Amino acid sequence: MKTFLFLKSAIIVSCILVIAACTSPKTKINYPPTDLSNAALIPKPISMTPTHSAFGLDSTTVILTSATQDFENVGQFLAKKLRARLDLNLPVNASEGEAAERTIMIHQTDSLNMDSPEAYELHISNDSVLLSARTAAGAFRGIQTLRQLIPEQSNDTLAPQPMWLIPSGKIEDAPNFTYRGAMLDVARHFFTVEEVKKYIDLLAYYKYNVFHMHLTDDQGWRLEIKSWPKLTEIGAQTEVGGGPGGFYTQEEFKELVAYAAERHMQLIPEVDMPGHTNAACFAYPILDGTGKKIKNYTGTRVGFSTFDARKDTVYAFLDDVVREIAAISPSPYFHIGGDESHATKKADYIYFVEKVEEIVQRHGKRMVGWNEIAQADISSSTVAQLWNEPHNALIAAENGSKIILSPATKTYLDMQYDTRSKHGLHWAAYIPVDDAYNWDPETFVEGLPRESILGIEAPLWSETISNSAELEYLAFPRAIGYAELGWTPSEQRNWEDYKKRLVRQQPFLDSNKVNYYRSERIEWEAP
Ligand code: TNX
């Protein structure tokens, strides 16, 4: 019986392949469904070996996984996405699965050619898809590749039910950088839990593994701190332009952490200090170091607020804040901001950063800070995030610290595309879609050794945006390019080739109602 079913499915797939090759294209460009090397994968995998046939994904397909819960969860995630997109209800690890004629097997193995924990291999043949990975994170990255390989249209010609042809062959893949992040500023404007989740989910599709939340700034404090309730009772009620603001309860924050973790992304919380602290000082004036009367702030200036770096109460406060957040944040990192503290004396700034590093470490976390923190005597486990000062990144690297690359002129998602952009700023640069892609993180900072680079991150500051549509206008399609800069080695990146693959993200972006910017430098197909 099993052999018969197998033969039947092989015959159906072969007939469909012949018909697919002969029928006239429904869309402008027809990509042969069986040529893996034509697949529009972003980020581009390290190696692809086509075998010029296809796996027919249909309602008889079953998903099987290694027995551990984390691998089973990856299978469930795939099933959930296929249900939503294709209306296919594929069972995961159902008992009758063993006898199925078409299987997607997600399997743990220690013998892969590449040693990154996020490495995976995909072997796609006529009757099976075998996804092998060392860890569930690797399997999860492989699942994204598989999702991207499923064509928009099913071939309904001969099979009794719709069938999606996935090109056969072998993919071996692993990331170039271990850290591939995106940051969202929820302080200048508040974004709801649902809006944040939507962004995280889109980033996961492109294999991001870090989501950094800029939780506090002059205009608002966005996370409940139980021991200092006025931070949100008072400090969360404002935002740029005078809107109502908002904050996340600790339960909601945990929900976001779990949502990211389900996508094998860590969520890094940032509490910006000693500058960018007007909202905190407005809630608790005792923290203030400017000596001025504090009012709430809904403008967009920077560099006017500071904690009092010489006051014990400030460190008692920070100990509570870091303790409460560390308790609900599984990420090994805690981001202390540290940027643009123009209202803090230099000696006070250095003293402050060193004291806060101790607090962060006492609560079991590694500190991350914007490049200014390299002025202090930071420990080598601390990470510096470059945004504007290569010399400070070099100092930090010499000291043994790892560097996250977020140069404002290349990676700032809040920079406008061009002079006609509806949202965004342009103090660092205009960043059109090709400029965002055409640079090399490994050589960007002269003299910075490759081994000092942890990875790249694209920050999205929210002075000019306040909802998902505006966020997506700035983030997409540029964030898709940063995904490839973080994952694919530079020798394998090429703008002309990338541009063609980017156009083919359109169905995914449209079906997910992503308000991407239709840059004229990309030949989008008519909607
Ligand atoms: C600089 S970059 C800032 C932010 C602003 C951003 C606007 C950095 C560490 N600080 O406070 O929102 O420019 O582009």
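Val62 counts as buried because its relative accessibility is 9%, where buried means under 20% relative accessible area, exposed means over 50%, and partly exposed lies in between (1.4 Å probe, protein chains only). Residues are numbered from 1 along each chain as its sequence is written, and side-chain values use heavy atoms, with hydrogens and water left out. The structure is a predicted model, in which local features need pLDDT of at least 70 and side-chain atom pairs count only at pLDDT 80 or more, while totals for chains, interfaces and linings use all residues.

Val62 belongs to strand 2 (residues 61–65); helices (H or I, at least four residues) and strands (E, at least two) are DSSP runs, numbered from the N terminus. Along the chain, Val62 and Ala99 are 37 residues apart, and 9.6 Å separates their C-alpha atoms. The C-alpha atoms of Phe77 and Trp524 are separated by 30 Å, and the two residues are 447 apart along the chain.

The largest nonpolar core contains 150 residues, and Tyr199 and Tyr248 have the most contacts inside it. A nonpolar core here is a set of buried Ala, Val, Leu, Ile, Met, Phe, Trp, Tyr and Cys residues joined through side-chain atoms within 4.5 Å. At least three residues of this core come from each of domain 1 (2–173) and domain 2 (179–491 + 504–511), with domain bounds taken from an automatic or database domain assignment. A second, separate core has 8 residues, among them Tyr179, Tyr333, Val368 and Leu454.

The ligand comes next. It is surrounded by 14 residues, the closest being Arg188, Tyr412, Asp414, Trp427 and Glu463; a residue is near a molecule if one of its heavy atoms lies within 4 Å of it. This shell divides into 8 nonpolar, 1 polar and 5 charged residues. In this count, Ala, Val, Leu, Ile, Met, Phe, Trp, Tyr, Cys and Pro are nonpolar, Asp, Glu, Lys and Arg are charged, and the others, Gly among them, are polar.

Particular atom pairs can also be picked out at the ligand. A side-chain N or O atom of Glu463 is 2.6 Å from an oxygen atom of the ligand, and for Trp427 the distance from such an atom to a ligand oxygen is 2.7 Å. Asp339 has a polar side-chain atom 2.8 Å from a nitrogen atom of the ligand. Taken alone, the ligand exposes 360 Å², of which the protein buries 97%; accessible areas come from the Shrake-Rupley method with a 1.4 Å probe, and for residues only the protein chains shown count as cover.

The peptide bond from Ile42 to Pro43 is cis, with omega near -5°, and Pro43 lies in the loop between helix 1 (2–22) and strand 1 (47–57). Another cis peptide bond runs from Met273 to Pro274, with omega near 0°; Pro274 is in the loop between strand 11 (266–273) and helix 7 (278–283). His52, although not a glycine, has a positive phi of about 60°. His52 is part of strand 1 and counts as exposed because its relative accessibility is 52%. Glu340, also not a glycine, has a positive phi near 45°. Glu340 is located in the loop between strand 12 (333–337) and helix 9 (346–362), and its 16% relative accessibility is why it counts as buried.

Note on methods:
Polar contact = N/O pair within 3.5 Å; in protein donor to acceptor, adjacent residues only side chain to side chain.
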